6 protein chains.
Amino acid sequence: MTAELETGLPSFRQLQKLIQTGGEVELKLVTNDLLVGKVRWQDDLCICLMDHYDQQTIVWKQAIAFLKPKT
Amino acid sequence: MTAELETGLPSFRQLQKLIQTGGEVELKLVTNDLLVGKVRWQDDLCICLMDHYDQQTIVWKQAIAFLKPKT
Amino acid sequence: MTAELETGLPSFRQLQKLIQTGGEVELKLVTNDLLVGKVRWQDDLCICLMDHYDQQTIVWKQAIAFLKPKT
Amino acid sequence: MTAELETGLPSFRQLQKLIQTGGEVELKLVTNDLLVGKVRWQDDLCICLMDHYDQQTIVWKQAIAFLKPKT
Amino acid sequence: MTAELETGLPSFRQLQKLIQTGGEVELKLVTNDLLVGKVRWQDDLCICLMDHYDQQTIVWKQAIAFLKPKT
Amino acid sequence: MTAELETGLPSFRQLQKLIQTGGEVELKLVTNDLLVGKVRWQDDLCICLMDHYDQQTIVWKQAIAFLKPKT
């Protein structure tokens, strides 16, 4: 794990867009947990998700399988 | 995780070919999820898959077990 | 694994805040274990969690799926 | 993930031998999938497996548990 | 994986203390195995655990979820 | 993944000893597979295990949970 930001990658920028537009996403984890919420911030290691009750969950990117817009 | 593109690797180029030809693929994840769609873009960390309903899913490469053409 | 501290990352600083405020958290692991306690210290590889009985558990960050305040 | 080829490692060379001899292998994945086929090419991140129907599957090395000759 | 020792990290030093005090620990793995024993040595990749029958088990750190004193 | 040998680490040397003494080991994988055999060679990424029928299995170290002498 290195501390340099991966801001140049398309996937990083797509997540930044999601943060700006504020749309809800589904986050499927390798634990098979399915989290729903809005992405608040990200860094190289983590994503912060906020649910309907304004509760923030810090999700480790290493545990993410996929992310898609909530339908 | 480093931000340098792995464009020189055969696996990266094979994925680029799939993006260009636009064929459908099956993506098996370590969660045992099976995703089907067309590969739209990739970077070192992620692959973007588009399904029949034009919904885009960002898949973390770390969670991919294997990929094959849909038969 | 490198030994340099990732103190500059938002996720690292958020954890530092949790250490200072001393609030209880839920830690979901990739094993699907759910640990509850207060975060005592962290480094790049591990988090130390203290439960109600003052027992300390060293959790490897590689095994963390997500963390959220206990509700 | 770095893009430098690990061609110097015994495991890499063993796989190269398997590519040349063309023998069938069993590939056990961390998903518990068992794939059977001939290894066509490899790079640092992936192995390409061809089955009886000439279908190619790109397998991420990160998802491989073990490989052995098909008996 | 790099060969440099991570001796400067708190988690590494905590494990060194456990080696010196010789107390028994529980080691939960990502396989959900629970191992019990005394930590004999560690390096960046592995921990060596000795059980009641003086049998040594080499545990890969990559497979550790958490460690706590046996109660 | 880097190609430099980790020959200086205790865990690497312990495996070298096992190769020289030729004793049988049990290898528990993160798939929960349990493999039994003699360690023939290792590099940074893999271990080669030979079973009673002289069949060789290449095991990715990334998939190893623990290793202990067969009892």
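Trainee: How much space lies in the second largest pocket?
Mentor: About 160 Å³. Keep in mind that this is a predicted model.

Trainee: Which residues line the second largest pocket?
Mentor: Chain A gives C48(A), Q56(A) and I58(A). From chain C you get Q14(C), K17(C), L18(C), V25(C), L67(C), K68(C) and P69(C).

Trainee: And which elements give two or more residues to that lining?
Mentor: On chain A that's β4 (56-60), and on chain C they are α1 (10-21) and β5 (64-69).

Trainee: What's the lining like by class?
Mentor: There are 6 nonpolar residues, plus 2 polar and 2 charged ones.

Trainee: OK, switching to the two chains. How many residues of each are in contact?
Mentor: Chain C has 24 residues in contact with 21 of chain A. Together the two chains bury about 1900 Å², with 61% of it on carbon and sulfur atoms.

Trainee: How many salt bridges are counted between them?
Mentor: The count between chain C and chain A is 1.

Trainee: Which residues form it?
Mentor: D33(A) and K28(C), and their closest N and O atoms are 2.6 Å apart.

Technical notes:
Residues numbered from 1 in each chain as written. Chains lettered and ligands numbered in written order. Predicted model: local features only at pLDDT ≥ 70, side-chain atom pairs only at ≥ 80, totals over all residues. Heavy atoms only, no water. 1 Å grid on protein atoms, 1.4 Å probe; cavity = no way out; pocket = protein on both sides within 12 Å on 5 of 7 lines; lining within 4 Å. Points joined across faces, edges and corners; volume = space filled by probe spheres on them. Helix = DSSP H or I, 4+ residues; strand = E, 2+ residues; numbered from the N terminus. Nonpolar A, V, L, I, M, F, W, Y, C, P; charged D, E, K, R; others polar. Contact = heavy atoms within 4.5 Å. Buried area = accessible area lost by both parts, 1.4 Å probe. Salt bridge = Lys/Arg side-chain N within 4 Å of Asp/Glu carboxyl O.
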